[in-house]
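Here is my note for your first look at this entry. Keep the sequence and the 3D view open as you read. The points go one by one.

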Amino acid sequence: RLIGKTVEIFGLRRDGTEVPIEFSLASWTRGRKIFFTGVIRDMSLRVAARETESKMIAASKMSTLGEMAGGIAHEINNPLAVVTLLNEQVRDLIEEEPIDGPALLQLNVAIDKSVDRIGKIVKGLRSFARNEDADPPTSFSFKEMVEDTRVLCEERFRVHGVPLKIDTIPEDIFFVGHRAQLSQVLLNLFNNAFDAIQELAERWVRLELETSEDKVIMRVIDSGHGISPEGLLKIFNPFFTTKPVGVGTGLGLSISKGIVEKHGGTLSVDSSHRNTCFVITLSRPQVRENIAA
């Protein structure tokens, strides 16, 4: 059963400690004789690299959430304050005679909307913070992933007067991969764009979607005027950042590039665009038009 396959297992060193190894077995014949060749590779360095990558992704997530914490808290407090106010109005109506049914129903609908708003924020946070390292790839709605990501950052954009424009996204586009990781990439690009345009007179961020027979392309564009040639050479290098000291880790784009490539895609900068434009390209096999079909 192992012939022609490669498996990862644990072996034992002479001192009794375990070592991760990659084992592959091949067979070949000479005359009537069958020979077997086995190859064993020490995977310690690769496993250590995976663990380091996982820790870097987690650290980048926490840094991103820290930057947005104030906006998220404000976003939750707003609907909570609305619910409290509406609940007081409900009590006042109940105490009146006769009870105004239509008015109560109107308040009930408003309360439902505020509770739904809080639920979306919590859902987005739970999805974003999820550790998917041990999970197999799953199918998920691209539209829902984008919506969860938008909810996490839109209050920050709104408070600072930066429009976040998102193309209408079809309901029937599904990705195969790790939802929280792709959400992390998108959120990192949104936040980077937000930070980069703070000193500009014209400020906006836009997500554009383009689909074809073999690709899905996402463009995160902001009102900035592009990246310098020197910056383009280093933009995806770990710890490279154009932000002030103490702002950001310099890991976001390098981690994002690795995540996209693990999903069979590419993350690049469109230097020909008149504005600053980051492009995520995913091949069509990563997308299913209708998961139920």
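How many salt bridges does the structure hold? The answer is 9 salt bridges. Bear in mind that this is a predicted model.

1. **A link across the chain.** Start with Glu-144 and Arg-179. They form a salt bridge, with the closest N and O atoms 3.6 Å apart. This pair links distant parts of the chain: Glu-144 sits in helix α3 and Arg-179 in helix α4 (residues 179–196), 35 residues apart.

2. Put together, Glu-144, Asp-148 and Arg-179 are linked in a network of salt bridges.

3. **Cover in the network.** Which of these residues are buried, and which are partly exposed? Arg-179 is buried, because its relative accessible area is 16% and the cut-off for buried is under 20%. Asp-148 has 6% relative accessibility, so Asp-148 is buried. Glu-144 reaches 41%, so Glu-144 counts as partly exposed.

4. Now look at Glu-154 and Arg-150. Their side chains meet in a salt bridge of 2.1 Å, N to O. Both residues lie in helix α3, 4 residues apart, which is about one turn of the helix.

5. **Met-145.** Helix α3 (residues 142–159) also holds Met-145. Met-145 counts as buried because its relative accessibility is 2%. Where does Leu-182 lie relative to Met-145, in sequence and in space? The two are 37 residues apart in sequence, and their C-alpha atoms are 8.1 Å apart.

6. **Cysteines.** How many disulfides are there? The count comes to 0 disulfides, with a pair of cysteine sulfur atoms within 2.5 Å as the rule. Cys-153 is buried, because its relative accessibility is 1%. Cys-277 has a relative accessible area of 1%, so Cys-277 is buried as well.

7. **A charged patch.** Glu-88, Asp-92, Glu-95, Glu-96 and Asp-100 form a negative surface patch. One of them, Asp-92, has its place in helix α1 (residues 44–95). Asp-92 counts as partly exposed because its relative accessibility is 45%.

Terms used:
Residues numbered from 1 in each chain as written. Predicted model: local features only at pLDDT ≥ 70, side-chain atom pairs only at ≥ 80, totals over all residues. Heavy atoms only, no water. Patch = residues over 30% accessible without salt bridge, like charges linked within 9 Å, V, L, I, M, F, W, Y side chains within 5 Å. Areas by Shrake-Rupley, 256 points an atom, 1.4 Å probe, with all protein chains shown as cover. Salt bridge = Lys/Arg side-chain N within 4 Å of Asp/Glu carboxyl O. Lys, Arg positive; Asp, Glu negative; His and termini not counted. Charge placed at Lys NZ, Arg CZ, Asp CG, Glu CD. Helix = DSSP H or I, 4+ residues; strand = E, 2+ residues; numbered from the N terminus. Buried < 20%, exposed > 50% of the residue type's maximum accessible area, 1.4 Å probe, protein only.
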